[in-house]
Amino acid sequence: MGTGKTEAAITYMNEHKEKKFIYITPYLAESNRIKEGCPELHFVEPSNKLSEYHFRKTEHTAALISEGRNITTTHAAFKNYSTDTLKKVKELGYTLIIDESLEVLVESGLKANDMQMLEATGFLTSGDGMYQSTGKEYDEGKFFDEMKMLQSRAVIGVKGQGGQKLYYWALTPELLTSFDEVFVLTYLFGGQSLCYFMKIYKIPYTYIGVSLKDGVYRFSDNVDYVPEYTKHIKDLIHIVESPKLNHIGDPPHALSMNWYQRRKAGEDGELKTVKDHIFNCYNNIWRGCKAEERMWGTYKSACNKVKGRGYTKGYVVFNERATNSYINKRYLAYAVNLFMNVAERRVYEKFGVEVDQDMYALSTMLQWIWRSAIRRGEEIWLYVPSRRMRTLLKDWMERVQNGDKDEEDYEQDINR
């Protein structure tokens, strides 16, 4: 994080004006950075406010691609590219730049009876738990939107933690393979769902880095550049080591999503302990810290159970990434012990791809922490009550301060 990946992408695009680019980012606000950084490339954001395209962003996108225009858009909009649009992308030879890794699975509202009915009536075909459209026309009815989605992606069925059948929309591999080249701007890629997705479809990838020379960031075959402050990272990140405050997170699955779901908010109990400890950090351990410098995170579903007096407004969801909106935050509490959703993990394992839970957790946590002032190389104070998450962080800090191996080597070390 903070090694100049976006700046390197801007340099690459400005030095390859002969190419056509689609640049996608989690937040539309970040698109302005690309438009301002590449003024001669005349990037356009597809809009859903134009009557000539029936107020549909997908139609505007298709028209812009047919014209060979450079496009910047969001992850969400990109996932809706149709088969015809991707065929045009391939024909014109676009380059794709993905700012932060895509989430590739979205839980569907379809039920087992729905899938059986659509298959029995000839609209779906299935094999190995994957359902795809047969191409039979579905003009109208209850599943019109779902059948439209199935024109460009599959549905995968797996058993959830409770034994019930869950269905996930899966991205089509053509979202990547339709492009001449693809750059993914992220860190610890081996712990992210896009990596597992690419392994399922045997899409090869290579790690590259960023170099800094004469004040200009460029893509590099080697990781030549890391910020100077990372050599002293243990002096910049001050982790709360109080046994009393950390005891709540000692059990291996404490503070996981299931742990929160099994507990009800109340005057007593472990949820109150978590709240009390966060309050204690802000009002005693970090006495005098400014309210606007406070940032805490947990799962969306647990936010109301953990929020408390004096810190509620500083909430930032546990998996926030790709934004500089919190760069003034210095006092952080991360009340999470992250494991991939059981059903989602089973999707990858169904296709023989093993999920590294620790790398997944570390990647997500680091992205959250790096929304803060550490991004500028400034000191931060951090409360991570989960023993597992705290150990992952401290081990990573040790590795980085000792030289920061190439990420590909690190992925192999973790999986060894």
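Two strands pair if DSSP finds at least two bridges between them. In this predicted model, 5 strands form an open sheet in the order β4-β8-β7-β6-β5, with antiparallel pairing. At the edges are β4 (105-107) and β5 (124-127), each of which pairs on one side only. Direction ignored, neighbouring strands of this sheet are turned by 30 degrees against each other on average.

Within the sheet, strand β7 and strand β8 run antiparallel and are joined by 6 bridges. Here Val158 stands opposite Leu166 in β8. Two helices are described against this sheet. Helix α6 (residues 112-120) lies across β5, β6 (130-133), β7 and β8, and runs at about 110 degrees to β5. Helix α15 (residues 342-350) packs on the sheet and touches β4, β7 and β8. The direction of α15 makes about 110 degrees with that of β7.

Another antiparallel pair is formed by strands β10 and β11. Lys213 stands opposite Val216 in β11. The hairpin of these strands has 2 residues between them, and Asp214 takes a positive phi near 55 degrees. The table sets the two pairs side by side.

| Strands | Residues | Bridges |
|---|---|---|
| β7 and β8 | 154-159 and 165-170 | 6 bridges |
| β10 and β11 | 209-213 and 216-220 | 5 bridges |

Helix α3 (residues 57-66) has His60, Thr61, Ala63, Leu64 and Ile65 as its buried residues. These buried residues pack against β1 (20-25), β2 (71-74), α5 (83-92) and β3 (94-99). After α3 comes Gly68, with a positive phi near 75 degrees.

Two packed helices are described by the angle between their axes and the distance between the axes. For helix α16 (residues 357-369) and helix α17 (residues 387-401), the axes come within 10 Å and cross at roughly 75 degrees. Angles of 65 to 115 degrees count as roughly perpendicular, and α16 and α17 are therefore roughly perpendicular to each other. On the α16 side, the contact is made by Gln357, Asp358, Ala361, Leu362, Met365, Leu366 and Ile369. They meet Arg388, Met389, Leu392, Leu393 and Trp396 in α17. By type, the residues of this contact divide into 9 nonpolar, 1 polar and 2 charged.

A search of the whole structure finds 0 disulfides. Cys281 is in no disulfide, and the nearest cysteine sulfur, that of Cys289, is 9.3 Å away. A disulfide would need the two sulfur atoms within 2.5 Å. Cys281 is buried, with a relative accessible area of 0%. Cys289 is also in no disulfide, and Cys289 is buried, at a relative accessible area of 7%.

Technical notes: Residues numbered from 1 in each chain as written. Predicted model: local features only at pLDDT ≥ 70, side-chain atom pairs only at ≥ 80, totals over all residues. Heavy atoms only, no water. Buried < 20%, exposed > 50% of the residue type's maximum accessible area, 1.4 Å probe, protein only. Helix = DSSP H or I, 4+ residues; strand = E, 2+ residues; numbered from the N terminus. Axes fitted to C-alpha atoms, helices over the stretch in contact; angles between N-to-C directions. Parallel < 35°, antiparallel > 145°, perpendicular 65-115°, else oblique. Contact = heavy atoms within 4.5 Å. Nonpolar A, V, L, I, M, F, W, Y, C, P; charged D, E, K, R; others polar.
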